[in-house]
Amino acid sequence: MKSINYQEGVVVTATEFKQNFGKYLDYTEAQNDVVITKNGNKIARLTPYVTDIEQYFTVRENALDYQYGGKKVSYEEFMVISEKSTLRMELINGEIYLMGSPNIGHQEILGRLYLLFNEFFKGKKCRVFLAPFDVHFKKKDIKEPDVMQSDVLVACDLENNVTAKGRYMGTPTLVIEILSDSTRSKDMIDKLNTYMLAGVKEYWVIDTKQESIMIYDFDDYQIDILRVFEKGNTAQSIVFNGLSVDVESLFNELI
């Protein structure tokens, strides 16, 4: 029996497929689908292998969300892609950003910050979390949330904001980003804007090049205070009284 060509690909019987397996494997390798039938019913589909990144670009190309101008990936599409992927990624203003592996200096600073923050919040209501940890930021007057992985975050609203699957759906009170050459612009502009519009109270930016800490305080979805702390200073939280980091100690003897 001859195969039949439809828009969905080539449709063949199970017998035909078994007898000409190599032929249809080559057909699939050429980026075509093969649909297999048995007793007139479709029972299986042989499709080309698609990597995570190829799948992302395919979905992105077909996306119909124009909210931010141009073709975008919707929040729902991002969730499908991210849940099936092993790649680390963020969704900001409808764009997917793939996240690279951090360097050793980044990780050493991250570890130091976590130890300091975890000790400060021990026995308190708020909890400290490290990336990778997805947070769904719902921005003021914007329908589509952003999904980002802050390097460090302090969550004080865990009650009633954790799903049955263990997904945190609240808004952190404080977030920290450690700058790198590849993320500097995103962290200083896009993420700052998202945090501000999502109701985060305080944003720490750790600048490894300048060896400084910038602390943004947000009020009514706007920047209220910006303080910069350099070596010789102690960075003081605006929201959490007593939470502080000695700048020189944070950057001392990094590899």
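**Entry 1: helix H5 and its cover**

I began with what covers the buried residues of H5, and the list includes strands E7 (127–130), E10 (152–155), E11 (174–178), E12 (202–207) and E16 (244–246), as well as helix H7 (247–251). Here helices (H or I, at least four residues) and strands (E, at least two) are DSSP runs, numbered from the N terminus.

A note on the source: this is a predicted model, where local features need pLDDT of at least 70 and side-chain atom pairs count only at pLDDT 80 or more, while totals for chains, interfaces and linings use all residues. Residues are numbered from 1 along each chain as its sequence is written, and side-chain values use heavy atoms, with hydrogens and water left out.

Which residues of H5 are buried? I found Gly105, His106, Ile109, Leu110, Leu113, Phe117 and Phe120. They lie on the same side of H5, because they cover an arc of only 130 degrees around the axis; the arc is that of the directions from the helix axis to the C-beta atoms. On the other side, Ile104, Leu115 and Glu119 are exposed. Buried means under 20% relative accessible area, exposed over 50%, and partly exposed in between (1.4 Å probe, protein chains only).

I also looked at the start of H5, where a side-chain oxygen of Asn103 comes to within 3.2 Å of the backbone nitrogen of Gly105.

**Entry 2: the cores**

Next I looked up the largest nonpolar core, which has 26 residues, with Leu113 and Phe117 making the most contacts inside it. A nonpolar core is a set of buried Ala, Val, Leu, Ile, Met, Phe, Trp, Tyr and Cys residues joined through side-chain atoms within 4.5 Å. H5 gives this core its largest share, five residues. At least two residues each come from H5, E10, E11, E12, strand E13 (212–219) and H7.

What does Phe117 touch, leaving aside its neighbours within four places in sequence? I noted contact (heavy atoms within 4.5 Å) with Val128, Val154, Leu174, Ile176, Trp204, Leu243 and Val245. There is also a second, separate core of 20 residues, with Phe137, Ala198, Val200 and Tyr203 among them.

**Entry 3: the disulfide**

I searched the whole structure for disulfides (pairs of cysteine sulfur atoms within 2.5 Å) and found one. It joins Cys126 to Cys156, S to S 2.0 Å. The pair links distant parts of the chain, 30 residues apart: Cys126 is in the loop between H5 and E7, and Cys156 in the loop between E10 and E11. The torsion about the S-S bond of Cys126 and Cys156 is about 105 degrees, so I noted the disulfide as right-handed. Are these cysteines buried or exposed? Cys126 and Cys156 are both buried.

Key: A polar contact is a pair of N or O atoms within 3.5 Å; within protein, one must be able to donate a hydrogen and the other to accept it, and residues adjacent in sequence count only if both atoms are side-chain atoms.
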